[in-house]
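Work through the exercises below with the structure open beside you. Try each task before reading its solution.

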Number of protein chains: 2
Amino acid sequence: VVVRAYSQLAAEGYLDVRQGANPSVRAIPDSQPASIAAQSRPLFPKVQYDLRAHLPEVSTFPRHVWLRSVRNALASATNADLSYSDKHGLRKLRLEVSDYLGRARGVVADPDCIVITTGATHAISLLGRVLAERGSTRMAFENPSHRFLHKVARQAGQTLMAVPVDGDGLQVDELGTAQSVLVSPAHQFPTGVVLSADRRTELIAWARRTGGVVIEDDYDAEYRYDRTPIGALQGLSPEHVAYVGSTGKTLAPALRLGWAVLPPSLVGAVADALGTSMVNVSGIDQLAFADFLRRGNFDRHLRRMRVIYRRRRDVAVAALAAELGDLPVSGIAAGLHVVLELSSREIEAAVCAQARSVGVLVESVSQHALPGDHVPAGLLIGYGSVPEPALPQAIERLASAIHIATGSGHQLRSRATVEAVQPRRRRRWQTSTR
Amino acid sequence: VVVRAYSQLAAEGYLDVRQGANPSVRAIPDSQPASIAAQSRPLFPKVQYDLRAHLPEVSTFPRHVWLRSVRNALASATNADLSYSDKHGLRKLRLEVSDYLGRARGVVADPDCIVITTGATHAISLLGRVLAERGSTRMAFENPSHRFLHKVARQAGQTLMAVPVDGDGLQVDELGTAQSVLVSPAHQFPTGVVLSADRRTELIAWARRTGGVVIEDDYDAEYRYDRTPIGALQGLSPEHVAYVGSTGKTLAPALRLGWAVLPPSLVGAVADALGTSMVNVSGIDQLAFADFLRRGNFDRHLRRMRVIYRRRRDVAVAALAAELGDLPVSGIAAGLHVVLELSSREIEAAVCAQARSVGVLVESVSQHALPGDHVPAGLLIGYGSVPEPALPQAIERLASAIHIATGSGHQLRSRATVEAVQPRRRRRWQTSTR
């Protein structure tokens, strides 16, 4: 045992063992233990209400149903499924995703053109790199659009070009020399505008004329409250639109499971980029989600969540009308947040800071603005992750912060009526086709 | 219903609806359906025996035990666990990984210095990018080393520097102007050499002297058959070694779950790079693996697999000795493959092609060589994924291919003895400390 221990320590480089000499501890230069201390983390004031725009409800995650799908996945997985898998993702899952996207989103999704990713951001990051490698480095972004995606695109080697958004969505005639464009047609983030029919046609014509790639971020299109969800742009022109989506807003962000439906000219390169980083989704999770989709559990979960979110939306909008009846609210027909319009960036910043000091986390439109043209100020009020009974207090707390920050020009508490749910006049980002 | 259908089609851009006019189908330029055809895939001859070096056995994946851990994970997951998680990975898992790596591999793993990745390759890719961003673009590689990792490092922005390997492993004095180096000290891929005690000390001294980063790829160190596994290099100097590992060889490649234990100077940047691509491992899987580790199931599974692989190793080596007694075999004390030495690259290529034509998939050493110095020829014979009873036939089939390809200089079938398991003379890549 002693000999084995010594030879082990010698093999690992700790001991010097020579025949006929006593073993000695090997000198390793500067062997100070070094501070592997935890890096200090920023401290936030305690958050009581998290009204950030992108947060879904996760307490409703269907744990039992998901577990059943994991069990079915483990029972049915072949050796090939458990080994190094197809870099595109398991075909069994791509078939189910193709079926779902065709049925629910009007996406023309050949299973051979689908790539399974850890989410929409992962897909956008891969697309950014692949386009950059082909010399396509000018990517247009809606302004405003999610700030996190700005960082992702820049890290992928893209130069961002800001394109303004109006009541019809992206102003296609402002695309200039862009080589690709990232859009959220069904529910623009953060304004909530829908890309109009004319603009859709214009955008596809732009892609056909210039060879530009349209990346469609269908991030929360499943949540439409007044009508059938608007179909995906991709269905108009699958050769020019790269469609990306995920289960982050519909099941749980932690699941890390999404997809890209790609033009045939891009699918090989994106799968290669994915293969080289070996960033695939667990084969067991892929099989589980395929089972979950096949049994209709995803559709069932979406129907359930749509009801929950619609009610939260109604409560939030009514509470906002009651507390701040004179401030216009837009973007209310879909998604997980509404936009409260404010008059300036200074007021935005003051409101966010004041809200935070009383335990309410809320984002502003300007936080998602790109440099360039003027973006109207506003507050993004997310109701996705706040339980319905807590929403009125959360909004009341926010409203009082707004009163303080704005010097209380908004104390009229009137018109707390159901009509408040319907916008009373044409809003800044509102269009007739909505 | 009709009105709704029309307005839906209009909103999606398919119809033109104007007041007082008949709706018309919108003209979309060049609307040919386009060929979204499957891209043609290369055709391989039917593979009967897959003897590639990196393949583990997956049929033994502990499905029931894993399912139990998934159930425990789903039962215990908090809302925070299911939402957007810590980009470093869930702390509950990092604590368990820290404990395991300290206990089993001698890794000094502060949980705050651990980042959970989808595997070792993902970690190496992230490290390559982070180092490149800091101006560290010259990465040394053992020559030979896994060719896939060459591609990964190049895509991450690194220029590769080939450093020769001898019987003591990486020739540290040949590191030249490298700014980082990727090594597999416990079991060099593909030669099977162990980095000697002297070289370990030299390598750490190099890192301290130059500020270079050592990336330790501990890819299959758990499988050591003649002694306790050699401890990780990282334990000698956690400030200079980035340690990467995964469950790909130990549980299943499809699980996509690994880790990096990073010097404090790198952990923030690597976590940021990971956070920006939103490539995280499913929170449910992270909790499941934490549970699996905590209950000792990982250790139990490894003990079981070690016995299985050791027996396969014995059978493979005995069969090789029986069929090709005169050809030297090395790298047999660990891992999932052995190296059969050959005299030239031409013979290598001929053997691989001939083997493939009779349904045997096998890799050569030269396929993993970098340009530069001469790398001795050889065949990598993986026994990881071939069931024990099938191994003798697989080796026999391979041997006949070798006889044909080499013009049958090796038909002496003698010495099919148990001693064949022990190498009979000092091999090319063999060292006394093994």
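**Exercise 1.** Find what covers the buried residues of helix 8 of chain B.

Solution. Start with the cover itself. It includes helix 5 (120-133) and helix 6 (147-155) of chain A. From chain B, it includes strand 4 (114-117), helix 5 (120-133) and strand 9 (213-217). Contact here means heavy atoms within 4.5 Å. Helices (H or I, at least four residues) and strands (E, at least two) are DSSP runs, numbered from the N terminus.

Next, count. Helix 8 of chain B spans residues 264-277, and ten of its 14 residues are buried. Buried means under 20% relative accessible area, exposed over 50%, and partly exposed in between (1.4 Å probe, protein chains only). Among the buried residues are Leu266(B), Val267(B), Val270(B) and Leu274(B).

Last, step past the end of the helix. Met278(B) follows helix 8 of chain B and has a positive phi, near 55 degrees.

A note on the model: it is predicted, so local features need pLDDT of at least 70 and side-chain atom pairs count only at pLDDT 80 or more, while totals for chains, interfaces and linings use all residues. Residues are numbered from 1 along each chain as its sequence is written, chains are lettered from A and ligands numbered from 1 in the order in which they are written, and side-chain values use heavy atoms, with hydrogens and water left out.

**Exercise 2.** Which side chain of opposite charge is nearest to Glu222(A)?

Solution. First locate Glu222(A). It is in the loop between strand 9 (213-217) and strand 10 (241-246) of chain A. Then check its pairing. Glu222(A) is buried yet has no salt bridge. The nearest side chain of opposite charge is Arg105(A), 5.1 Å away. For this test Lys and Arg count as positive and Asp and Glu as negative; His and the chain ends are not counted. Finally, list neighbours. Glu222(A) touches Tyr100(A), Pro229(A), Thr250(A), Leu302(A) and Arg306(A), not counting residues up to four places away in sequence.

**Exercise 3.** Where do the peptide bond from Asn143(A) to Pro144(A) and its chain B counterpart lie?

Solution. Begin with chain A. The bond from Asn143(A) to Pro144(A) is cis, with omega near 5 degrees. Pro144(A) lies in the loop between strand 5 (138-143) and helix 6 of chain A. Then chain B. The bond from Asn143(B) to Pro144(B) is cis, with omega near 5 degrees. Pro144(B) is in the loop between strand 5 (138-143) and helix 6 (147-155) of chain B. For background, most residues other than glycine have a negative phi, and most peptide bonds are trans.

**Exercise 4.** Is Arg256(A) buried or exposed?

Solution. Arg256(A) is buried, with a relative accessible area of 9%. Its place is the loop between strand 10 and strand 11 (258-261) of chain A. Now the backbone: Arg256(A) has a positive phi of about 50 degrees although it is not a glycine. Repeat for chain B. Phi of Arg256(B) is positive, near 50 degrees. Arg256(B) counts as buried, at 9% relative accessibility.

How values were computed
A salt bridge is a side-chain nitrogen of Lys or Arg within 4 Å of a carboxyl oxygen of Asp or Glu.
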